[in-house]
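Have the sequence and the model side by side as you read.

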Amino acid sequence: MPIPSRKSVARLRGRQFINELTREIGGSARVPTRELLTHTRVVKDQSKLDAKKRVENLEGSLASLRYHSGKAIIVDDLVTTGVTLQEAARALRAAGIEVSAAITACVAEPLR
């Protein structure tokens with residue numbers, strides 16, 4: 001399951017590229033892809049936030065579009081503090097989905 005970018009970021013890019021990447025990975029591995037996560041409110045750009053502010057910014061910001069049982073692998077474009085992965089996992093677990101792993105395309109340098 002892809003973690004969606006903020007809608008404003010997706011508009012600037014012209015697409016939700018992580019969704020495309022996830023479908024490609026899923027197709028190659030013959031694993032179904034579901035786009036269930038959505039933002040429930042506006043969140044700030046995280047690039048200028050420290051670890052504590054990132055938690056506050058994302059806490060409760062994602063939800064699953066529907067209840068869906070089973071296991072999932074979540075996919076994100078970048079990991080810095082892991083807060084986005086944590087929030088996505090929380091939202092999916094709240095919808096009855098067991099998160100068994102996470103994949104990220106890039107790892108950022110540690111926050112200073």
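V83 sits in helix 4, which covers residues 83-94; helices here are DSSP runs of H or I with at least four residues, strands are runs of E with at least two, and both are numbered from the N terminus. This is a predicted model, where local features need pLDDT of at least 70, side-chain atom pairs count only at pLDDT 80 or more, and totals for chains, interfaces and linings use all residues. Residues are numbered from 1 along each chain as its sequence is written, and side-chain values use heavy atoms, with hydrogens and water left out.

V83 is buried, with a relative accessible area of 8% (buried means under 20%, exposed over 50%, partly exposed in between, using a 1.4 Å probe and protein chains only). Leaving out residues up to four places away in sequence, V83 touches R54, V55 and L58, where contact means heavy atoms within 4.5 Å. V83 and V55 are 28 residues apart along the chain, yet their C-alpha atoms are separated by 6.0 Å.

Helix 4 also has L85, E87, A88, A89, A91 and L92 among its buried residues. Just after this helix, G96 takes a positive phi of about 90 degrees.

Now for the core. The largest nonpolar core has 15 residues, and M1, I3, L37, I74, A88, L92 and I97 have the most contacts inside it. Strand 3 (70-79), helix 4 and strand 4 (97-107) each give two or more residues to this core, and helix 4 gives the most, with five. Such a core is a set of buried Ala, Val, Leu, Ile, Met, Phe, Trp, Tyr and Cys residues joined through side-chain atoms within 4.5 Å. Beyond its neighbours within four places in sequence, I97 is in contact with residues including M1, L36, H68 and L92.

Then the pockets: on a 1 Å grid over the protein atoms alone, a pocket is an open set of points where a 1.4 Å probe fits, with protein on both sides within 12 Å along at least five of seven lines, and lining residues have an atom within 4 Å of a point.

| Pocket | Lining | Nearest the centre |
|---|---|---|
| Largest pocket | 28 residues | Q46, D76, D77, L78 and T84 |
| Second largest pocket | 18 residues | M1, V31, P32, T33 and I73 |
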